[in-house]
Structures are given as structure tokens and as C-alpha cells.
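User: I would like to learn how to read the features of a protein model with some care. Could you take me through them one at a time, giving the general idea and then the case at hand?

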Amino acid sequence: MPVYTDEGVVLRTVKLGEADRIITLLTRDHGKVRAVAKGVRRTKSRFGARLEPFMRAQLLLAKGRNLDVVSQAVCVGAYADEISQDYDSYLAANLIVETADKLVTTEKEQVTEQYRLLISALGALSRREHPAWQIGESYVLRAMQRAGWSPRLSSCVVCGRTDRLEWFSVPLGGTVCSDDRTPACRRISRPEAALIFALLTGDWKDCGNAQSENVESLVEEWTQFYLERPLKTVNLIHS
Ligand SMILES: [Zn+2]
């Protein structure tokens with residue numbers, strides 16, 4: 001079988017048979033890759049814990065007819081240890097890998113920007129650079145933006161005016177003025193709109209520390225609407 005090397009982050013794993021796993025990876029050069037890791041669930045697996053979610057590894061892969069096969073995995077970013085020690089970071093990391101998994105639907109298509117966003121978000125989480133929820137929400141907003149779904153926040157999506165923007169419409173794609181609002185619109189305050197903008201642009205100093213439930217639920221609705229599938233992690237956070 002022809003082999004290739006790449007580095008990638010484990011997004012998800014599924015059991016296969018007695019001892020194997022199917023690993024879903026986002027790689028730097030080959031985009032999304034699904035590969036079999038043989039014997040990974042045995043106690044003396046040569047892969048150890050290198051193929052668990054949030055792990056970043058240097059990989060040697062063999063091309064298969066359906067799924068590729070992981071031949072070697074060397075850990076290059078042990079984010080998982082740091083992330084798993086803190087429950088908020090763990091939840092945010094789950095949201096991040098789940099969003100990446102759903103956003104990148106085509107396999108073996110290079111998505112360099114999405115890969116960079118992913119490793120920088122997991123790295124920031126492991127280093128506790130900012131509050132975990134902000135890293136998670138910022139990642140989701142930016143990943144969605146790169147995929148073409150960016151909210152308009154500075155003017156009304158219907159009439160274009162820049163004042164009285166007290167409402168937000170997910171299907172219309174941004175803020176709506178009081179005159180144009182429909183019953184389906186949700187309230188948004190100016191500080192909340194500013195927070196979304198700061199998360200989107202990575203202006204961490206403007207994010208403060210306060211957690212905003214309204215912003216989180218808005219980002220959640222935004223993501224679910226444009227990805228058209230509910231995210232499991234969101235239900236976990238709210239359960
Ligand atoms: Zn308007």
C-alpha cells in the first residue's frame with residue numbers, strides 16, 4: 001500500500017471490532033482523513049494514548065481502498081492532558097472538535113486555514129490563555145466565518161441602518177433594527193454584539209471575563225442553523 005506522512009488532530013474515534021478504532025482526523029495537508037488504527041484498544045498498543053481526541057500527532061498513513069491505515073503516530077502536541085484536567089476546557093475542546101468535524105465534510109481536501117484555527121484553539125485551551133468558553137465560542141465563530149457564514153453586526157440586515165440594532169436574526173444573518181424585526185428575531189444588546197465581534201476578531205482584551213449565556217446560545221443557534229445539525233456538545237453543556 002502506498003504511504004504518506006502528515007500531521008493531524010484527532011477529532012473523533014469509533015470502536016471497530018475487538019481492538020481497533022476508526023480515527024477521524026483533521027490533517028494539515030490532506031484535510032479530513034478517516035483511518036483505521038489497528039490494535040489501538042489493546043493495553044500494550046504501540047499507539048498508546050496518541051490517538052485520543054484533541055491529540056496532535058505526526059502520522060504515517062497507508063492508503064487503503066476505503067479507509068487509510070495508521071502505521072505510526074508520534075505525539076507533537078499533548079493538548080489532551082492539559083485540557084482534560086479542567087472540565088470547562090474539556091467541554092470547549094469537545095465543542096471545537098465537533099464543530100471541525102461537522103464543518104469539514106469532504107475528505108482528503110486540504111483545508112489549511114481550518115487546520116490552523118483548530119490547532120491554535122486547542123493550544124490556547126491547553127495553555128489556559130483565555131477563559132475556556134471564550135476560546136470555544138471564538139473558534140466556532142471564526143471557523144464558521146472561514147466557511148462563509150459570518151454574522152453582520154454593524155448594520156441592519158434588512159434596511160442597512162446603523163442605530164437601534166436591538167435584535168438579531170439567525171436566518172437573515174445578523175442584526176436587525178426595531179422597525180424590521182420579526183417575531184423570530186432574538187434580542188441582542190450592544191455589549192453582546194460587541195462581544196461577538198471581539199470573539200470573531202480575537203480582540204481578547206475587549207472580551208472581559210463575564211460569561212454571556214445569550215451570546216453562547218446565539219452562537220449555538222447560528223452554528224446549528226448553518227450546519228443544519230444539532231451539536232451534541234451543546235446538549236451536554238446545557239444538560
Ligand atoms: Zn432595519
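Analyst: Strand β6 (residues 167-169) is joined to β7 by 3 bridges, and the two run antiparallel; helices (H or I, at least four residues) and strands (E, at least two) are DSSP runs numbered from the N terminus, and two strands pair if DSSP finds at least two bridges between them. This is a predicted model, in which local features need pLDDT of at least 70 and side-chain atom pairs count only at pLDDT 80 or more, while totals for chains, interfaces and linings use all residues. Residues are numbered from 1 along each chain as its sequence is written, and side-chain values use heavy atoms, with hydrogens and water left out.

User: Which residue is the bridge partner of phenylalanine 168 in β7, and in what order do the 3 strands form the open sheet?

Analyst: Strands of a sheet pair through backbone hydrogen bonds, either parallel or antiparallel. Here phenylalanine 168 has threonine 175 of β7 as its bridge partner, and the open sheet has the order β7-β6-β8 with antiparallel pairing. Because β7 (174-176) and β8 (186-187) stand at the edges with a single partner strand each, one side of each is left without a neighbour in the sheet.

User: How many Å² are buried between domain 1 and domain 2?

Analyst: The size of an interface is often given as the accessible area lost when the parts come together. The domain assignment, which is automatic or from a database, gives domain 1 (3-77) and domain 2 (84-238). Between them about 1600 Å² is buried, 63% of it from carbon and sulfur atoms, where buried area is the accessible area (1.4 Å probe) that two parts lose on being put together, summed over both. In domain 1, Leu26, Lys32 and Phe54 lose the most area to domain 2, together accounting for 43% of what that side buries.

User: How many salt bridges does the rule find across the interface of domain 1 and domain 2?

Analyst: A salt bridge is counted when a side-chain nitrogen of Lys or Arg lies within 4 Å of a carboxyl oxygen of Asp or Glu. The rule finds 4 across the interface of domain 1 and domain 2, and the structure holds 15 salt bridges.
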